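Subject: Structure handover

Hello,

Here is the structure I promised to pass on. Please open it and keep it beside this message as you read.

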Amino acid sequence: MATVEMEALGKDYGTLRILQDVSLDIDEGEFVVLVGPSGCGKSTLLRMIAGLETITSGTLRIAGRVVNDVEARERDIAMVFQSYALYPHMTVRQNIGFPLSVRRHDPSDIARAVDRVSQMTGLSELLDRKPRALSGGQRQRVAMGRSMIRDPKVFLFDEPLSNLDAKLRVQMRQQIRDLHRSVKATSIYVTHDQIEAMTLADRVVLLNDGRIQQVGTPMELYLQPANTFVAGFIGSPEMNFIDGVVRIKGDRPHITFHQEPAFSLPVQSGVAMEDGRKVVVGVRPEHLEPGTIGLPVRVFDAECLGPETVIFAEGGAGRLISVVRGIDAPGHGDQVRLYPDPAQIHLFDAESRIRIN
C-alpha cells in the first residue's frame with residue numbers, strides 16, 4: 001500500500017486548461033472515488049497518476065516519492081480500464097498470470113499466485129476458459145485479477161463498470177467492495193455514476209471544469225454540499241433549487257419566495273441571516289411533500305416506482321420534483337401545494353452559489 005499526494009496539479013493541452021490546482025492527499029488503504037460530469041477532468045487526472053499523461057504543473061508523490069517524470073512501468077501501479085483489454089487467445093489463467101509471465105517469474109510461483117487471485121475474484125472454475133466464453137462481469141473480474149496479481153502499491157479504476165447492465169453493475173459493486181476489504185490496497189476509482197461513488201467510496205472527490213468542488217465522505221457531500229453544483233450532482237432525483245429572500249419576522253429569519261410571497265418558510269435556529277439577503281433554497285425531492293400549505297404547482301407527470309412515486313410539477317417556482325412514499329400520490333393535471341421541510345432545506349448565497357452555514 002502507499003499514499004498518493006497531489007499538490008497543485010495542472011494539465012494543459014496547448015492553451016486549453018483541463019485541470020487546475022488539484023490538491024489531494026490519499027491515505028494508505030483508502031478507497032477514493034473521483035466523480036463528476038463528462039469533461040470535468042477525472043479520467044485525465046487518473047491517467048496522470050498512472051503515468052499515461054504528462055503533468056503540466058504541480059507535484060505528484062506516490063509513497064512519498066515524486067513521480068512527475070517517472071515512467072508508468074516504474075510506478076508500481078495497476079490499472080483496470082473500461083474496456084477489459086484481455087488477450088482473446090489466452091485462457092483466464094494465462095490472462096491473470098500474464099503480468100508475472102512477462103517478468104519471467106517462476107512458473108510454480110505464477111500458478112500459486114493465479115490460484116490465490118482466482119479464489120478472491122471467484123474465477124477458480126473458469127480458469128481454462130477464453131474471454132469469448134465469459135460474461136461481461138466475468139471478463140471484468142479477470143481484468144481485476146490481472147491487476148491484483150502483482151500486489152501493486154496503488155489500484156486505479158477507469159469507469160470499469162460502464163459496459164455492464166444495471167444488474168451486473170450492482171453485483172460488481174459488491175464484489176469490488178469485498179475485494180477492497182480483503183486486499184486493503186490504496187484505490188482510486190473514476191466514474192460519472194454518483195451511485196457508484198456513494199456506495200464504494202471512503203471519500204468522494206467531486207470535480208467540475210477541472211477543479212475540485214468538494215472532498216468528503218459520501219454522506220458529507222449529501223448532507224452538507226459545499227455549493228449548488230455539488231448539491232445538484234449528488235442525489236437522485238436531483239435537488240430542487242428555489243430563489244428566495246430573507247425576511248426577519250420577530251427574532252427569527254424566514255425565507256420569502258418571489259413566486260409565492262404569501263408563503264414563507266422559517267429558517268432553523270443557529271443560522272445567522274440578515275434581512276433582504278437573496279438566497280437559493282435547496283430541497284431534495286424526498287423533503288418536498290404535498291400539503292395544505294406550500295408552493296402551488298400543477299403536476300405534469302408522475303412515475304410510480306412501487307414503494308414510491310416521483311412527481312414532476314411546475315409553477316411559479318419553476319419545475320419541481322417530489323418523491324412521495326407509496327402509490328397514493330397526485331397524478332397528471334392535479335393542482336397541489338408542495339411544502340419544503342424546514343429542517344431539511346439547504347441555503348446557498350444567490351450570487352456565489354456557496355453554502356450558507
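Below is what turned up, starting with the whole chain and then moving to single residues.

**The whole chain**

Remember that this is a predicted model. The average pLDDT over the chain is 91. A score of at least 70 is reached by 98% of the residues. Confidence is highest in strand E10, residues 211-216, with a mean of 98. Confidence is lowest in strand E13, residues 260-266, where the mean is 77.

The chain has 357 residues, and 48% of them count as buried. Its secondary structure comes to eight helices and 20 strands. The C-alpha trace spans about 80 × 45 × 35 Å along its principal axes. Take the contacts between residues at least 6 apart in sequence: 66% of these join residues at least 24 apart.

An unreviewed UniProt entry places the feature "domain: ABC transporter" at residues 4-234. That stretch is 36% helix and 26% strand.

Look for an open sheet of four strands. The order is E2-E1-E4-E5, and the pairing is antiparallel. Which strands form the edges? They are E2 (16-26) and E5 (65-66), and each pairs on one side only. Helix H1, residues 42-50, packs on this sheet. H1 touches E1, E2 and strand E4 (57-62). The direction of H1 makes about 115° with that of E1.

E1 covers residues 4-13 and pairs with E2 in the antiparallel sense over seven bridges. As background, strands in a sheet pair through backbone hydrogen bonds, either parallel or antiparallel.

**E11 and its two partners**

Strand E11 runs antiparallel to strand E14 (residues 278-283), with six bridges joining them. Six bridges also join E11 to E12 (residues 252-257), again antiparallel. Gly244 shows both pairings. Gly244 stands opposite Val279 in E14. In E12, the bridge partner of Gly244 is Phe257.

E11 and E12 form a hairpin with two residues between the strands. In this hairpin Gly250 takes a positive phi near 70°.

**Backbone details to check**

- Ser236 and Pro237 are joined by a cis peptide bond, with omega about -5°. Pro237 sits in the loop between helix H8 (228-233) and strand E11 (240-249).
- Arg104 is not a glycine, yet its phi is positive, at about 60°. Arg104 belongs to the loop between helix H2 (92-101) and helix H3 (107-121). Arg104 counts as exposed because its relative accessibility is 77%, and the cut-off for exposed is over 50%.
- Arg353 is not a glycine either, and has a positive phi of about 65°. Arg353 lies in the segment after E20. Its relative accessibility is 33%, so Arg353 counts as partly exposed.

Begin with Ala78, in strand E6 (residues 77-80). Is Ala78 buried or exposed? Its relative accessibility is 3%, so Ala78 counts as buried; the cut-off for buried is under 20%. Which residues does Ala78 touch, not counting those up to four places away in sequence? They are Ser147, Arg150, Pro152, Val154, Phe155 and Leu156. Pick out Phe155. Ala78 and Phe155 are 77 residues apart along the chain, but their C-alpha atoms are separated by 5.0 Å.

Then turn to Asp349, in strand E20 (residues 346-349). Asp349 also counts as buried, because its relative accessibility is 17%. A polar atom of the Asp349 side chain lies 2.8 Å from the backbone nitrogen of Ser352. Where else does Asp349 make contact, leaving aside neighbours within four places in sequence? The partners are Arg277, Lys278, Ile354 and Ile356.

Best wishes

Methods:
Residues numbered from 1 in each chain as written. Heavy atoms only, no water. UniProt positions renumbered as here; feature names shortened; annotations may be inferred. pLDDT = per-residue confidence, 0-100. Buried < 20%, exposed > 50% of the residue type's maximum accessible area, 1.4 Å probe, protein only. Polar contact = N/O pair within 3.5 Å; in protein donor to acceptor, adjacent residues only side chain to side chain. Contact = heavy atoms within 4.5 Å. Pairing = 2+ DSSP bridges. Axes fitted to C-alpha atoms, helices over the stretch in contact; angles between N-to-C directions.
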